[in-house]
Amino acid sequence: MPASPSDRVLIIGAGCFGLSTAYHLLRKGYQNVTILDRSEVLPAPDAASNDINRLVRSSYADPFYAKFAKEAMHAWKDEKEWNRGIYTETGAIVINSSSDPCASPIYQNDLSVGCRLQPLSDSSSIREVFPSSLQPLLPDFQGRSGYLNLDTAVVNAGQATSLLLRKIVELGGNVIPGKSVRRLLRTASVSSTEEGSAETRTRGVECSDGTVYHADVVVVATGAWTASIFSEVDDVNLERMCLASGQCLVMMDLSDEEASLYRQVPVIMDLDHLWYYFPPNPNSNTVKLIIDYAGFTNTIPVLEQLSNVKSDAEPASLEHITPQGQRKEPLRKAVSTPRTIISNPENGLAVPKLVLNDVRNGLKRFFPNTLAKKDFSSTRMCWYTDSPDRNWNIGYHPNDDGLIFATSGSGHAYKFLPNIGTLVVQVLEGTLDPNLVKKFAIDREIGEERAVRRNGDLEELVTGELCEYEDLVYREVV
């Protein structure tokens, strides 16, 4: 049954998906919208949505994402909604070794949604995009080509998340920090349509402190914590569809003079190596550098909580549930779980040492005489929620019409902060395009195509191989 504005909507997680959903529900007149978040401080210090900057671009091979991103970019430019300085059009140099990068689906989709594109057909045209004072210090870029997308931007993610939080409160939303959800409250009964099968419906949640919140619909927007928090949900494969993967950020602090110069350099997207350069934000001297790895997992045992599942009857398929509505035996499973500054204060921000070498090699390809010889200032392991095909998970649980998943951003959701919540609202109201229902279903079949691609294969995080302060220091190789 489609939701209505009088329904109680409980959102778990105050990140990109959760905040955008709450915002669009409140704007549509929903009167009872509550957000719970595990963190005492919001935005959560270790959340992926709380970052110095994020890339906003429409460069997708998938036409849906390209068009939806262009809509998000239009929304970001609305200065009545977003403060000046949050969204900065830097442009982006998209570069690779293709003989004709303009023939790629990404370029064609950028073109189709109206982006301002400038082909960079050879090394000299690439060099001309950089500030004139830097050009004598650049490599020759021999054998490389690409294009300049003038509509690409960066957004100050921490500031934008904080601003949206304030808007939600102003609109009447109830935001409650410091509430770690322990389990879903689900009822079970025998299906009237298929003898012996069980139907469940989520009616709320119980938090670690014992408090209970009831709702007509619960929206799980817990990001990289989804699989570890809700390990009780064993009728969908959350460990596969909501995999927590650590992605590595490396920062470099510049002098005022350097920052003024490198702020003029567009975002660099080196598609051959999936290496990215982010110029300093306005009023910041920090450069951010990324290699888009497949990711690092942090697999630890998770003890399933006793689920509060009550049954109107006891069919054979529910024989693992006691008459009191609890599992007979809690099960222990291994789930990739974020390792952050909150869980590991001493080195929760550290990335593997090998990452620093790869990042510096990227600097050598673009700035061999300048930035490649500077120290790094800090690192951060940023935890994404990946689905196997890198499409989002936005939709109802297949057997529970009180539970919606809005997660698995797969490293490319934050740019959609202004509009991704509209998809969740459409799911709630039963109006989402059937093709998108299928695309985002948490029990969908996974094909070979990927919404975004990554470098290499997943690796398990080894704490003994994490970088330390001395690894950030530049050393001349003799």
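Predicted model: local features only at pLDDT ≥ 70, side-chain atom pairs only at ≥ 80, totals over all residues.

I began with E22, which gives the second largest pocket three lining residues, the most from any element. Helices (H or I, at least four residues) and strands (E, at least two) are DSSP runs, numbered from the N terminus. Residues are numbered from 1 along each chain as its sequence is written, and side-chain values use heavy atoms, with hydrogens and water left out.

**The second largest pocket.** I looked up its volume and got about 740 Å³. A pocket here is an open set of points on a 1 Å grid over the protein atoms alone, where a 1.4 Å probe fits, with protein on both sides within 12 Å along at least five of seven lines; lining residues have an atom within 4 Å of a point. The volume is the space filled by probe spheres set on the points, which are joined across faces, edges and corners. I found 44 lining residues, and the closest to the centre are Arg 38, Thr 222, Gly 223, Ala 224 and Trp 225. Besides E22 (378-386), the elements giving two or more residues are H1, H6 (226-229) and E24 (400-407). The lining splits into 21 nonpolar, 18 polar and five charged residues. Ala, Val, Leu, Ile, Met, Phe, Trp, Tyr, Cys and Pro count as nonpolar, Asp, Glu, Lys and Arg as charged, and the others, Gly among them, as polar.

**The largest pocket.** This one holds about 1,100 Å³. Of its 48 lining residues, Arg 57, Tyr 60, Ala 451, Val 452 and Arg 453 sit closest to the centre. I noted 22 nonpolar, eleven polar and 15 charged residues in this lining.

**Strand E1.** Is it enclosed or open? I see E1 running parallel to E2 (32-36), joined by five bridges; strands pair if DSSP finds at least two bridges between them. Arg 8 has Asn 32 of E2 as its bridge partner. E1 also pairs in the parallel sense with E13 (217-220) over four bridges, where Ile 11 partners Val 219.

**Cores.** A nonpolar core is a set of buried Ala, Val, Leu, Ile, Met, Phe, Trp, Tyr and Cys residues joined through side-chain atoms within 4.5 Å. In the largest, of 57 residues, Trp 76 and Trp 392 touch the most other members. Another core lies apart from it, with 45 residues including Ala 224 and Cys 248.

Note on methods. Buried < 20%, exposed > 50% of the residue type's maximum accessible area, 1.4 Å probe, protein only.
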